[in-house]
Amino acid sequence: MLLRWITSDMAVAIRMASHGRHSDLMIPAAVIDADARPARRKFHEEDHFEVASGDRTYYQAVDPCQWVGLYALLWPSPGVLQIVALQSAPKRQFAGARRPP
């Protein structure tokens, strides 16, 4: 099982980060079952995981045009999954980052 069942007394914050063209989820490592997920086993001391996915061509483009975005939205195509292990909570990890308006 990817995520453990969470009761009301175990509630956690899942944050969203904006990277301009796409957004990521910041998931606390404590809610990911270490026995089921290879990333959790490999990075067992990390505090959070940043998770993102999307159309491979759009996601990896340096500066995608509107047509690449439209293609990614309308046609089935290969995708990517990015998982980044964070050593501390997102607020500390990205303390100097610019916040969107």
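**Questions on a predicted model**

The protein chain has four helices and four strands; these are DSSP runs numbered from the N terminus, with helices (H or I) of at least four residues and strands (E) of at least two. This is a predicted model, in which local features need pLDDT of at least 70 and side-chain atom pairs count only at pLDDT 80 or more, while totals for chains, interfaces and linings use all residues. Residues are numbered from 1 along each chain as its sequence is written, and side-chain values use heavy atoms, leaving out hydrogens and water.

Colleague: Which pattern does the protein chain follow along the sequence?

Modeller: The chain contains four helices and four strands. Read along the sequence, their pattern is β-β-α-β-α-α-β-α.

Colleague: What percentage of the residues of the protein chain count as buried?

Modeller: A residue is buried under 20% relative accessible area, exposed over 50%, and partly exposed in between (1.4 Å probe, protein chains only). Of the 101 residues, the share that counts as buried is 22%.

Colleague: How far from D55 is the nearest side chain of opposite charge?

Modeller: D55 is found in strand β3, residues 48-55. Lys and Arg count as positive and Asp and Glu as negative, while His and the chain ends are not counted. D55 is buried without a salt bridge, that is, a side-chain nitrogen of Lys or Arg within 4 Å of a carboxyl oxygen of Asp or Glu. The nearest side chain of opposite charge is R56, at 7.3 Å.

Colleague: Which side chain of opposite charge is nearest to E50?

Modeller: E50 has its place in strand β3. It is buried and has no salt bridge. At a distance of 12 Å, the nearest side chain of opposite charge is R15.

Colleague: Which residues does F94 touch, not counting those up to four places away in sequence?

Modeller: F94 lies in the segment after α4 (90-93). It is partly exposed because its relative accessible area is 34%. With contact taken as heavy atoms within 4.5 Å, F94 touches M26, E50 and L86.

Colleague: What accessible area does the nonpolar patch with W67 have?

Modeller: W67 is found in helix α3, residues 66-74, and is exposed because its relative accessible area is 59%. Patches consist of residues with over 30% relative accessible area and no salt bridge, with like charges joined within 9 Å and nonpolar side chains (Val, Leu, Ile, Met, Phe, Trp, Tyr) within 5 Å. Accessible areas come from the Shrake-Rupley method with a 1.4 Å probe, and for residues only the protein chains shown count as cover. Together, W67, L70, Y71, L73, L74 and W75 have about 720 Å².
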